[in-house]
Amino acid sequence: MTVRMAVNPRNTPAAPCLTDPDRWAAGGDDPEMKTLCRSCPRRWLCAKEAVETPGAEGMWSGVNLPAGGRARAFALRQLRSLAAHGGYTVREPEPDPN
């Protein structure tokens, strides 16, 4: 017996960052944003996109991604791990020309 699940895109909840992108771009240590991210159906794909998007900053997949420094390197490692956990292969980012 084969069971098929019909997926209706209209019934799929939208990612919360799409309804208020400025809030997510600002990032920060907002527990409500982290909770929304961690329950988002796009969480694993979001982590992959964060690692592969040059200059990405803000809240991605429940991880605050700062502009630079050791905190950024740590956040990128977390995001790479989340993407891998979700089954995504992450391309290595292009080297920074500066």
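I take a contact to mean heavy atoms within 4.5 Å.

**Model.** I am working from a predicted model, in which local features need pLDDT of at least 70 and side-chain atom pairs count only at pLDDT 80 or more, while totals for chains, interfaces and linings use all residues. Residues are numbered from 1 along each chain as its sequence is written, and side-chain values use heavy atoms, with hydrogens and water left out.

**Contacts.** I looked up the contacts with a separation of 6 or more in the protein chain; residues 24 or more positions apart account for 48% of them.

**Secondary structure.** I took helices (H or I, at least four residues) and strands (E, at least two) as DSSP runs, numbered from the N terminus. I find 5 helices and 2 strands in the protein chain. Along the sequence I read the pattern α-α-α-α-β-β-α.

**Surface.** I have about 7100 Å² of accessible surface for the protein chain, with 54% of it belonging to carbon and sulfur atoms; the areas come from the Shrake-Rupley method with a 1.4 Å probe, and for residues only the protein chains shown count as cover. I count a residue as buried under 20% relative accessible area, exposed over 50%, and partly exposed in between (1.4 Å probe, protein chains only). On that basis 30% of the 98 residues in the protein chain are buried.

**Cysteines.** I looked for disulfides (pairs of cysteine sulfur atoms within 2.5 Å) and got a count of 0. The cysteine sulfur closest to that of Cys 17 is in Cys 46, 5.9 Å away, so I note it as too far for a bond. I have Cys 17 as partly exposed, at a relative accessible area of 21%.
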